[in-house]
Amino acid sequence: MLSPVLYRGRNAIKRTFAASQMVYRLPLLISILACAILPVIVPVSPSLATEKKMTDTTQLESTYGFAETVQRLCSTLESKGLTIFAAIDQRAAAQSVGLDMPPTTLIVYGNPKGGTPLMLVAPDFALELPLKLLVREDASGKTLVLYTPAAALEGLHGLPAGMAAKLGAAEPLIAAAVSAGK
């Protein structure tokens, strides 16, 4: 049989152990509750939310050959006051390191007068500017022109609603430049 003193000692040990377990469980419980309640109390800002995916692209098939398509796009955009900042011959770049790829040119264009106000309102929108056109030849020899339409840029990087539409003015020009008879 256990003595009464020892018996009281075991109960004291049990109470101490239970109290120490509560000390470890309490922070865990608080953390779990905070994770469950915090999103309800503190709304996530749009910049912290998942960014809109840039999967929307427009693809046009040109009625012209590759070189003529690149030339027509550059001259059309420049004739309407847009600046061609660069025309990057990606095929030539690949060939310079001993690789080959079909004809591919990235045209970087824009208008600082139009783009700067967008970047002032939403500085991170500068990642999308200047605008780009990809001209490439596919395996069957067709010349394709790809770009991200203004509608897909709406709200990206905190840009206020309706402002991306200003970038869409070049889209009909691009379509006309790659279509015969226009």
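How many nonpolar, polar and charged residues are in the lining of the largest pocket, by class? The lining holds 12 nonpolar, five polar and two charged residues, where Ala, Val, Leu, Ile, Met, Phe, Trp, Tyr, Cys and Pro count as nonpolar, Asp, Glu, Lys and Arg as charged, and the others, Gly among them, as polar. The model is predicted: local features need pLDDT of at least 70, side-chain atom pairs count only at pLDDT 80 or more, and totals for chains, interfaces and linings use all residues. Residues are numbered from 1 along each chain as its sequence is written, and side-chain values use heavy atoms, with hydrogens and water left out.

**Overall architecture**

- The protein has six helices and five strands; helices (H or I, at least four residues) and strands (E, at least two) are DSSP runs, numbered from the N terminus.
- Along the sequence, these elements follow the pattern α-β-α-β-α-β-α-β-β-α-α.
- Of the 182 residues, 28% count as buried, meaning under 20% relative accessible area, with exposed over 50% and partly exposed in between (1.4 Å probe, protein chains only).
- Among contacts (heavy atoms within 4.5 Å) with a separation of 6 or more, 67% are between residues 24 or more positions apart.

- The 14 residues of α2 should span 20 Å at 1.5 Å a residue, and its end C-alpha atoms are 20 Å apart, which agrees; the expected span is 1.5 Å times one less than the number of residues.
- Phe66, Thr69, Val70, Arg72, Leu73, Cys74 and Leu77 of α2 are buried, and the cover over the buried residues of this helix includes β2, β3, β4, β5 and α6.
- The largest nonpolar core has 30 residues, and Leu73, Tyr109, Phe125, Leu133 and Ile174 have the most contacts inside it; such a core is a set of buried Ala, Val, Leu, Ile, Met, Phe, Trp, Tyr and Cys residues joined through side-chain atoms within 4.5 Å.
- At least two residues of this core come from each of α2, β3, β4, β5, α5 and α6, with α2 giving the largest share, five residues.
- Leaving aside residues up to four places away in sequence, Tyr109 touches residues including Leu77, Leu82, Phe85, Pro130, Leu133 and Ile174.

**Loops and backbone geometry**

- Gly81 lies in the loop between α2 (66-79) and β2 (83-89), and its phi is positive, near 90 degrees.
- Gly81 counts as partly exposed because its relative accessibility is 48%.
- Although 30 residues separate Gly81 from Asn111 in sequence, their C-alpha atoms are 7.6 Å apart in space.
- Pro130, in the loop between α4 (112-121) and β4, is joined to Leu129 by a cis peptide bond with omega of about -5 degrees.
- His157, in the loop between α5 (150-153) and α6, has a positive phi of about 55 degrees although it is not a glycine.

**The largest pocket**

- The volume of the largest pocket is about 360 Å³; grid points are joined across faces, edges and corners, and a volume is the space filled by probe spheres set on the points.
- On a 1 Å grid over the protein atoms alone, a pocket is an open set of points where a 1.4 Å probe fits, with protein on both sides within 12 Å along at least five of seven lines, and lining residues have an atom within 4 Å of a point.
- Of the 19 lining residues, Leu82, Gly110, Asn111, Gly115 and Leu167 lie nearest the centre of the pocket.
- Two or more lining residues come from each of β3, α4 and α6, and α4 gives the most, with five residues.
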